[in-house]
Amino acid sequence: MEAECLLRPQILSKWGVHLSNPSNLISTLCSLKNFKITRRSPKPLKKYKDAQLFPQSLPLHTKNPHVVYKDIQRFARQRKLKEALAILDYLEQEGIPINATTFSSLLTACTRSKALTEGKQIHVHIRINGLESNEFLCAKLVEMYASSGCMDDAKQVIEEMPNQSVYPWNALLRGSVIKGHRSTQELLQIYSRMRELGVELNEYSFSCLIKCFAGSPALKQGMKAHALLMKNGLLSSSELLMTSLIDMYFKSGKIRFAWQLFSEIEERDVVAWGAMIAGFAHNRLRWESLEFTRWMSSEGIQPNSVILTMILPVIGEVSARRLGQEVHAYVIKTKHYSKQQFIQSALVDMYCKCGDIGSGRRVFYASMNRNTVLWTALMSGYASSGRLEQALRCIPWMQQEGVRPDIVTIATVLPVCGELKALKQGKELHVFIVKNRFLPNISISTSLISMYSKCQRLDSACKVFNAMEKRNIICWTAMLESYLNNGCSHDALRMFRSMQDSKQRPDSVAMARMLDACGSLSYLKLGKELHGQLLKRYMDLVPYVTSAIIKFYGRCDEIQKSKLVFDRIPARGSLTWTAMIEAYGCAGLYREALDQFKRMKSKGFEPTLFTFNVVLSICSKAEFVDEAVRLLNYMRQKQGVKTSEEHYAFIIDLLNRAGRVSEAERFISQRSAMI
């Protein structure tokens with residue numbers, strides 16, 4: 001029997017093991033965990049990289065433990081926790097101690113990977129090495145447990161500490177933020193417990209608390225924290241806290257408070273400016289966001305990569321192409337930013353939203369290393385500009401370049417398959433999703449349901465829905481839409497009852513769609529019950545929901561109730577006016593519908609394309625030929641409303657039915673000239 005060792009001499013000498021005494025070498029290797037002596041026929045030794053040698057053939061020497069520590073830390077950086085734990089087990093058997101720095105790197109890797117099982121094993125090793133009272137490691141343990149959702153374990157680590165330091169408590173707060181715990185009551189309990197124990201909160205403690213309050217209903221508690229900071233004199237000297245408070249007020253919709261805090265900052269850095277720019281963008285105050293960017297530049301502070309990725313989507317939303325070109329020029333001038341792929345992706349997205357597909361493609365093809373994010377940005381740009389076929393072709397193109405689609409890419413292209421009724425490509429994407437284990441993912445499952453529904457494959461949509469492990473209100477609503485779009489209103493009602501039985505609370509979109517179903521089936525009693533629920537939950541103030549209520553009563557021949565709902569609306573818009581016009585049409589009151597359209601224009605409300613389509617449909621039902629012709633001429637004169645080939649076909653069909661063939665031929669020639 002020959003012992004074959006896959007260790008190179010330079011590796012062995014690194015650990016202090018030499019080949020001068022083979023018997024000692026074999027006895028050393030036999031003592032190693034997981035090392036096997038196999039019986040093999042003589043063959044040339046295969047060369048292995050260092051990373052392949054550990055820990056299966058790990059040579060150790062007690063005189064040089066620091067080299068072992070470096071290997072463990074290297075595994076931690078690579079997130080190879082199983083290999084690192086194998087070394088820890090061997091070190092424990094040999095009685096070799098491990099320093100706190102090595103444990104810290106391992107716990108950081110566990111936190112990032114959400115590796116709770118490995119983290120608990122490392123916690124055991126920390127106890128074995130007598131480091132359970134180390135304040136630094138305790139903070140790391142608390143953060144690891146909290147970020148994995150084990151709040152009780154995290155609190156137990158803190159309770160077992162002999163000295164109540166602020167750093168583990170800060171780690172508990174930070175872990176809560178990482179995990180996404182937004183329970184205000186739980187955070188307040190942690191905060192109260194800290195004060196009971198006399199833990200002195202520092203700047204970082206308040207920063208974590210304020211971040212948790214931001215965007216939650218706990219604005220009052222956030223304002224109390226603001227007052228406490230002012231009382232203790234911590235606010236004036238801390239830009240971090242000022243910026244956190246600005247972010248909190250913006251996310252709570254208190255723009256004036258955020259502006260006042262910003263004006264109190266004497267020396268504003270790029271972080272403070274970025275908080276204001278992001279806050280305005282979050283509240284859809286796009287021009288204010290862009291104006292602050294210009295103001296920041298005039299103060300001599302240049303935008304960094306974070307601010308550039310914030311303002312480029314805003315520029316696309318307002319279609320400020322010229323301003324986008326200025327930002328693009330700045331990116332090219334800085335050179336460093338022009339090589340960053342997330343900025344290139346933002347530029348592609350901005351140009352596509354501005355309608356300049358050519359410039360977006362030039363940015364895309366100028367990139368030397370195109371990744372998934374860049375391809376997805378181009379794909380989204382094609383889809384938003386109506387170039388659906390090109391968007392769909394991006395999938396094979398990117399795969400030819402060796403770029404693998406991710407979940408975002410799939411979620412972007414599935415709606416394109418639905419719009420194009422591209423069932424074959426949609427099925428291929430479904431196979432790709434299953435093969436790459438993108439399921440269970442609620443967003444992807446919902447997109448698949450919508451895609452199959454638009455391709456009129458309701459059976460496949462039901463299979464996807466039934467296979468879901470967890471369902472949220474969005475996927476339930478998508479399934480309701482699938483039934484309604486395929487004319488299965490009764491099935492939609494059964495689905496709605498199942499959703500209520502599953503303890504899911506329908507949102508405004510689901511309730512509005514169910515009102516449409518009740519209207520199409522003339523289920524007046526059920527519709528009234530839904531109306532009562534909407535009133536109870538104050539959803540009747542949402543314009544989309546109000547429009548659905550008005551149309552429901554119109555379809556059920558309860559036009560007086562439609563008028564009653566319409567008259568009680570405090571602030572009407574084009575959507576609600578159009579709903580009232582449609583309600584008259586559903587009730588067969590065609591002349592009243594046209595009168596309502598005239599009142600809408602006289603009140604200064606601009607008809608939308610949807611409004612014109614509704615009125616044209618009413619004219620067709622009532623055979624109001626002259627009114628339809630006048631409406632089409634009005635549409636052609638109206639800015640912002642583009643007449644389509646379908647509109648001309650609509651009028652031509654109406655004229656032919658009325659026997660006005662010569663006029664129909666005139667509109668045919670006009671349609672040909674338009675094409």
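## The largest pocket

The largest pocket is lined by 21 residues, and of these Asp540, Thr546, Val565, Arg568 and Ile569 lie nearest its centre. A pocket here is found on a 1 Å grid over the protein atoms alone, as an open set of points where a 1.4 Å probe fits, with protein on both sides within 12 Å along at least five of seven lines, and lining residues have an atom within 4 Å of a point. The model is predicted, so local features are described at pLDDT of at least 70 and side-chain atom pairs count only at pLDDT 80 or more, while totals for chains, interfaces and linings use all residues. Residues are numbered from 1 along each chain as its sequence is written, and side-chain values use heavy atoms, with hydrogens and water left out.

The volume of the largest pocket is about 330 Å³, a volume being the space filled by probe spheres set on the grid points, which are joined across faces, edges and corners. Two or more residues of the lining come from each of helix 31 (524–536), helix 32 (543–555), helix 33 (559–567) and helix 34 (574–586), and helix 32 gives the most, with four residues. Helices are DSSP runs of H or I with at least four residues, numbered from the N terminus. Sorted by class, the lining of the largest pocket has twelve nonpolar, five polar and four charged residues; Ala, Val, Leu, Ile, Met, Phe, Trp, Tyr, Cys and Pro count as nonpolar, Asp, Glu, Lys and Arg as charged, and the others, Gly among them, as polar.

Val509, Val542, Tyr544 and Leu575 make a nonpolar surface patch of about 290 Å². To belong to such a patch, a residue needs over 30% relative accessible area and no salt bridge, and nonpolar side chains (Val, Leu, Ile, Met, Phe, Trp, Tyr) are joined within 5 Å. Accessible areas come from the Shrake-Rupley method with a 1.4 Å probe, and for residues only the protein chains shown count as cover.

Val509 is partly exposed, with a relative accessible area of 34%, where buried means under 20%, exposed means over 50%, and partly exposed lies in between.

## Salt bridges

Side chains of opposite charge can pair when their charged atoms come close. The structure holds 19 salt bridges, each defined by a side-chain nitrogen of Lys or Arg within 4 Å of a carboxyl oxygen of Asp or Glu. In one of them, the side chains of Glu326 and Arg294 meet with a distance of 3.5 Å from N to O. This pair links distant parts of the chain, 32 residues apart, with Glu326 in helix 19 (residues 321–334) and Arg294 in helix 17 (residues 286–298). Glu326 is partly exposed at a relative accessible area of 41%, and Arg294 is partly exposed as well, at 44%.

Another salt bridge joins Arg657 to Asp653, with the closest N and O atoms 3.3 Å apart, and here both residues lie in helix 38 (residues 645–657), four residues apart, which is about one turn of the helix. Arg657 counts as partly exposed at 45% relative accessibility, and Asp653 counts as partly exposed at 42%. Asp459 forms a salt bridge with Arg457, whose closest N and O atoms are 3.3 Å apart; Asp459 has a relative accessible area of 40%, and Arg457 has 25%. Salt bridges also link Glu481, Arg513 and Asp516 in a network.

## Backbone angles in two loops

Most residues other than glycine have a negative phi. Ser319, although it is not a glycine, has a positive phi of about 55 degrees, and Ser319 is found in the loop between helix 18 (305–318) and helix 19. Lys421, also a residue other than glycine, has a positive phi near 55 degrees, and its place is the loop between helix 24 (407–420) and helix 25.

## Two pairs separated along the chain

Lys427 lies in helix 25 (residues 423–435), and its C-alpha atom is 9.2 Å from that of Leu448, a residue 21 positions away along the chain. His125, found in helix 7 (residues 116–128), is buried with a relative accessible area of 6%. The C-alpha atoms of His125 and Asp89 are separated by 8.5 Å, and these residues are 36 residues apart along the chain.

Conventions. Patch = residues over 30% accessible without salt bridge, like charges linked within 9 Å, V, L, I, M, F, W, Y side chains within 5 Å. Buried < 20%, exposed > 50% of the residue type's maximum accessible area, 1.4 Å probe, protein only.
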